[in-house]
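Please keep the sequence and the structure in view while reading.

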Amino acid sequence: MNRFRRLRASGALRRMVQETHINKSDLIYPIFVAEGKNIKKPVDSMPVVYQYSVDTLDEVLGEIAESGISGLLIFGIPAHKDEFASSAYDDNGVTQQAIRYIKDKYPDMIVIADVCLCEYTSHGHCGVICDGKILNDETLPLLAKMSVSLAKSGADIIAPSDMMDGRVAAIRKALDENGFSGTPILSYSAKFASGYYSPFRDAAESSPAFGDRKTYQMDCANGREALREIADDIEEGADMVMVKPALAYLDVLKAARERFDLPIAAYNVSGEYSMVKAAAQNGWIDEKRIVMENLTAIKRAGADIIITYHALDAAKWLEEEK
């Protein structure tokens with residue numbers, strides 16, 4: 001009779017045979033930078049998450065630097081929004097200013113720049129609109145301009161999250177033509193039209209003014225399509241790909257890991273974060289235990305990189321376990 005319990009008898013034995021390990025370097029922390037001054041605004045639906053202005057970033061940047069995680073994913077919230085998201089590709093826009101500030105103070109900190117128009121448009125959708133429809137091809141040049149502007153500001157990685165068809169190829173071409181052939185692309189390849197994004201839309205002030213995003217984000221029921229999306233982005237030049245959200249799509253993450261051999265990221269999104277936080281605040285769960293179990297599941301399914309609002313807490317807990 002097999003006795004699996006033999007290797008579970010002590011903490012030392014369990015650690016010795018543990019198959020999956022979370023490292024600080026696996027983690028990326030998302031931040032929200034708002035245009036203005038002296039801003040540290042709590043996001044009500046995301047406990048312990050804030051909007052910062054550039055002049056108040058030092059607090060969170062110091063935490064990120066001391067934590068030992070790999071870096072951050074940046075989202076900008078401009079004061080001016082219009083139909084063509086002009087603030088997104090303004091070289092002096094809030095995101096560009098923030099990236100320059102971060103790279104000046106912390107040159108070794110990895111800065112991943114999200115590329116999408118939704119935070120910058122007056123209508124909150126991820127592309128150009130005509131007669132209530134999101135226009136795919138007309139959006140691509142704007143995403144390319146935004147990517148070049150962010151790369152010029154010092155972004156280490158460009159991460160398109162818009163889900164327009166062909167955007168990786170358009171961005172790769174624009175980066176190469178403007179002297180950024182060495183800047184990698186992390187594509188949100190399998191981004192589902194999920195209900196788990198609601199708190200993020202509060203944080204990024206990016207809720208659509210009408211309709212939803214189901215015509216360009218993926219149907220939550222489709223797994224095989226996700227693999228086609230990933231394959232297409234790789235063919236177009238993506239250096240890394242992403243599955244988003246993470247916990248409800250571990251099957252997609254696992255299938256992607258088995259099929260593709262480049263780095264894969266998973267985004268442990270706002271709704272996943274807020275549910276854990278709310279339950280922990282009510283005393284219903286052990287926050288540390290649940291967070292580390294969730295992150296381990298994401299890593300076990302195949303993620304090399306985990307983008308999570310739990311990153312700073314997880315880094316502290318990992319340090320305590322040494």
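Which helices and strand do the buried residues of H9 pack against? The model is predicted, and in it these residues pack against helix H6 (198-204), strand E11 (264-268), helix H10 (287-301) and helix H11 (311-320).

## Helix H9

Helix H9 covers residues 270-281; at 1.5 Å a residue its 12 residues should span 16 Å, and the end C-alpha atoms are 16 Å apart, which agrees. Gly283, with a positive phi near 75 degrees, follows H9.

Because 9 of its 12 residues are buried, H9 is largely enclosed by the rest of the structure. Among the buried residues are Glu272, Tyr273, Val276 and Lys277.

## Packing of H8 on H10

Helix H8 (residues 250-259) packs with H10 at an angle of about 35 degrees, and the two axes are 8 Å apart. H8 contributes Leu250, Leu253, Lys254 and Arg257 to the contact, while H10 contributes Ala297, Ile298, Arg300 and Ala301. By type, 5 of these residues are nonpolar, 3 are charged and none is polar.

## Aromatic residues

There are 9 aromatic pairs in the structure. In one of them, Tyr267 and Tyr309, the ring centres are 6.1 Å apart and the planes lie at 40 degrees, so the pair is tilted. Tyr267 belongs to strand E11 and Tyr309 to the loop between strand E12 (305-308) and H11, so placed 42 residues apart in the chain. Both Tyr267 and Tyr309 are buried.

One aromatic cluster is formed by Phe32, Phe75, Tyr188, Phe200, Tyr267, Tyr273 and Tyr309.

## Charges over Tyr197

The charged end of Lys244 sits over the ring of Tyr197, 4.9 Å from the ring centre. The charged end of Lys191 also sits over this ring, 6.0 Å from its centre.

How values were computed
Residues are numbered from 1 along each chain as its sequence is written. This is a predicted model: local features need pLDDT of at least 70, side-chain atom pairs count only at pLDDT 80 or more; totals for chains, interfaces and linings use all residues. Side-chain values use heavy atoms; hydrogens and water are left out. Helices (H or I, at least four residues) and strands (E, at least two) are DSSP runs, numbered from the N terminus. The expected span of a helix is 1.5 Å times one less than its number of residues. Buried means under 20% relative accessible area, exposed over 50%, partly exposed in between (1.4 Å probe, protein chains only). Contact means heavy atoms within 4.5 Å. Axes are lines fitted to C-alpha atoms, for helices over the stretch in contact, and angles run from 0 to 180 degrees between N-to-C directions. Ala, Val, Leu, Ile, Met, Phe, Trp, Tyr, Cys and Pro count as nonpolar, Asp, Glu, Lys and Arg as charged, and the others, Gly among them, as polar. Rings of Phe, Tyr and Trp (its six-membered ring) pair if their centres lie within 6.5 Å; planes under 30 degrees apart count as stacked, over 60 as edge-to-face and the rest as tilted. A charge sits over a ring if NZ of Lys or CZ of Arg is within 6 Å of the ring centre and within 35 degrees of the ring normal.
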